[in-house]
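Hi there,

Here is the structure I promised to pass on to you. Please open it in your viewer, and read my notes alongside.

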Amino acid sequence: MISFIPYASFRFFIVTGILLLPVIIAGLSGKRITLYNDLVAIVMVFLIFYGQPAQFVSIIAFIIWQAVVVKSYFELKKRNNRSVYFYTAVILAIIPLFFVKLSADVPVLGFLGFLGISYVSFRSVEVIMDLRDGLINEIPLNHFLRFTLFFPTISSGPIDRYRRFESDLKQVPSGKEYKELLYLGINKIFQGFLYKYIIAYLVHQYWMSSPALASNSFFSIWMYMYAYSMYLFFDFAGYSQFAIGFSYIMGIRTPENFNKPFLSRNIKDFWNRWHMSLSFWFRDFIYMRFVYLMIKKKWIKDRYLISDIGLALNFLVMGFWHGFLLQYIIYGIYHAVAFISFNRFEHFNKKHHIWPKNNKWIHALSVLITFHVICFSFLIFSGRLNFLW
Amino acid sequence: MVEITEAFKNEVLDVLAEICESDEVKDEPDIRLFEEGLMDSFATISLLVEVENRLNIKVPVSDFDRSQWATPNMIIERLAERK
């Protein structure tokens, strides 16, 4: 069967480019043909999934499920904003994803999965959170579907936010604005080619897969660590540029995913620069919600303890989300420990000033240390160390 | 534009100074709190809880967009709008 995975084949770019021609022509004259855009969305979902009928059935069933959960929660919440409705809705929205992730250990559950299930689930949960907070007061079904099934970001994000997305839906860019968006979009797509199909490809082909790195010697693994980290970044950043570029052409300003992560000066900084749309989602909906609940209800008094538990929860969930495999769970724990340790150090440094902030050498050293802490976490993530456990 | 009284401004700055554990916020009301490491996610929550308790202004967590709440002055404005 012909594969039509987003951004994975030349065919994808050609077919999508042709489908988008009317969008571009309308955009340049300051218009948006909503009906045509919806048609493109349907055709794209069909093309992406038709090669695997099982996935096609899954995504249809899944999206109906999410729409029913969100709509029911919306109706119940209008009558009574009870916590139990909210938690039930979140659990129901997350359950399919949970089973699919569990399928790493229990393969029989795999039938539920489809490409991008995580990202569609995240969008759905975000809508439920915003409904709970009263930030969304109505959610027309067509807007919900356009948001959750937005094809440029359906397979791996970036994860947009409903209110941001909807304001782009409502506001059609003028011809001049669209020209700018189109230019930026095409630029990003070509940057994507450079990152994913030139740099990441070369790193993978000639560095990561080099026979010199095949043995389990310390040196081989050390070099593999750098290679894999570079590969991971350029491959995923390249993919993200494609997704953002195609979003721009659709007139949607999908948020960025990376901001020079290897120049982070500490682990906290890193999580504001790496896979940002995911880490912000986790920050806003796991860590911050947890901290808010604990402070508000005064369940735990010690503020540092609250923060530490919140961070542990945040990164453990992130680890499990990557898949219920040991390497991902260790990766999550590793980041939790790194982040908590850094918080302690930062607090200590606020009082004792042993690590000056405005010194360029210290800055360079911070970047170098952080870089290695991060690369080591990717080495765990890669599975290259699996022979150890 | 919403009107911001001096008393309100000082009240917010007091809360901020407590949370950031620094008086810099009073001396430099245009300082970028997150970039300078004065605030983080935890401080954000402390701020929202304190603001709710002391000023009786409720701000949902997901309504706190860092780019809109970047400096002490911006925070004062955002809170004044919600009063």
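Ser29(A) sits in the loop between α1 (10-28) and α2 (34-50) of chain A; helices here are DSSP runs of H or I with at least four residues, strands are E runs of at least two, and both are numbered from the N terminus. With a relative accessible area of 45%, Ser29(A) is partly exposed (buried means under 20%, exposed over 50% and partly exposed in between, with a 1.4 Å probe and protein chains only). Lys176(A), which belongs to helix α8 (residues 175-208) of chain A, has its C-alpha atom 8.4 Å from that of Ser29(A), at 147 residues along the chain. Lys176(A) is exposed, with a relative accessible area of 73%.

Before you go further, some housekeeping. This is a predicted model, in which local features need pLDDT of at least 70 and side-chain atom pairs count only at pLDDT 80 or more, while totals for chains, interfaces and linings use all residues. Residues are numbered from 1 along each chain as its sequence is written, chains are lettered from A and ligands numbered from 1 in the order in which they are written, and side-chain values use heavy atoms, with hydrogens and water left out.

The whole structure holds 1 cavity of 30 Å³ or more, and the largest cavity has a volume of about 100 Å³. The search ran on a 1 Å grid over the protein atoms alone: a cavity is a set of points where a 1.4 Å probe fits but cannot get out, a pocket is an open set with protein on both sides within 12 Å along at least five of seven lines, and lining residues have an atom within 4 Å of a point. Points are joined across faces, edges and corners, and a volume is the space filled by probe spheres set on them. Of the 15 residues lining the largest cavity, Val23(A), Gly27(A), Lys31(A), Arg32(A) and Tyr178(A) lie nearest its centre. α1(A) makes the largest share of this lining, with 4 residues. By type, the lining of the largest cavity has 10 nonpolar, 3 polar and 2 charged residues (Ala, Val, Leu, Ile, Met, Phe, Trp, Tyr, Cys and Pro count as nonpolar, Asp, Glu, Lys and Arg as charged, and the others, Gly among them, as polar).

The second largest pocket has a volume of about 1200 Å³. Its lining counts 36 residues, and the closest to its centre are Phe86(A), Tyr87(A), Met129(A), Phe285(A) and Arg289(A). α11(A) gives the most to the lining of this pocket, 11 residues, and the lining as a whole has 27 nonpolar, 2 polar and 7 charged residues. Where does the second largest pocket lie relative to domain 1 and domain 2 of chain A? Domain 1 (33-170) and domain 2 (261-388) both give residues to its lining, so the pocket lies between them; the domain bounds come from an automatic or database domain assignment.

On to the aromatic rings. Over all chains there are 62 aromatic pairs (rings of Phe, Tyr and Trp, the last by its six-membered ring, with centres within 6.5 Å; planes under 30 degrees apart count as stacked, over 60 as edge-to-face and the rest as tilted). Tyr119(A) and Trp321(A) form an edge-to-face pair, because their planes are at 85°, with the centres 6.1 Å apart. This pair links helix α5 (residues 117-132) to helix α12 (residues 303-322) of chain A, 202 residues apart. Tyr119(A) is buried at 7% relative accessibility, and Trp321(A) is buried at 10%. Phe233(A) and Trp274(A) make a tilted pair, 6.3 Å centre to centre with 40° between the planes, and both residues are buried.

Two charges sit over rings as well: the charged end of Arg283(A) is 4.4 Å from the ring centre of Phe280(A), and that of Lys83(B) is 4.1 Å from the ring centre of Phe8(B). The criterion is NZ of Lys or CZ of Arg within 6 Å of the ring centre and within 35 degrees of the ring normal.

Finally, the backbone: the peptide bond from Gly157(A) to Pro158(A) is cis, with omega near 0°.

Best wishes
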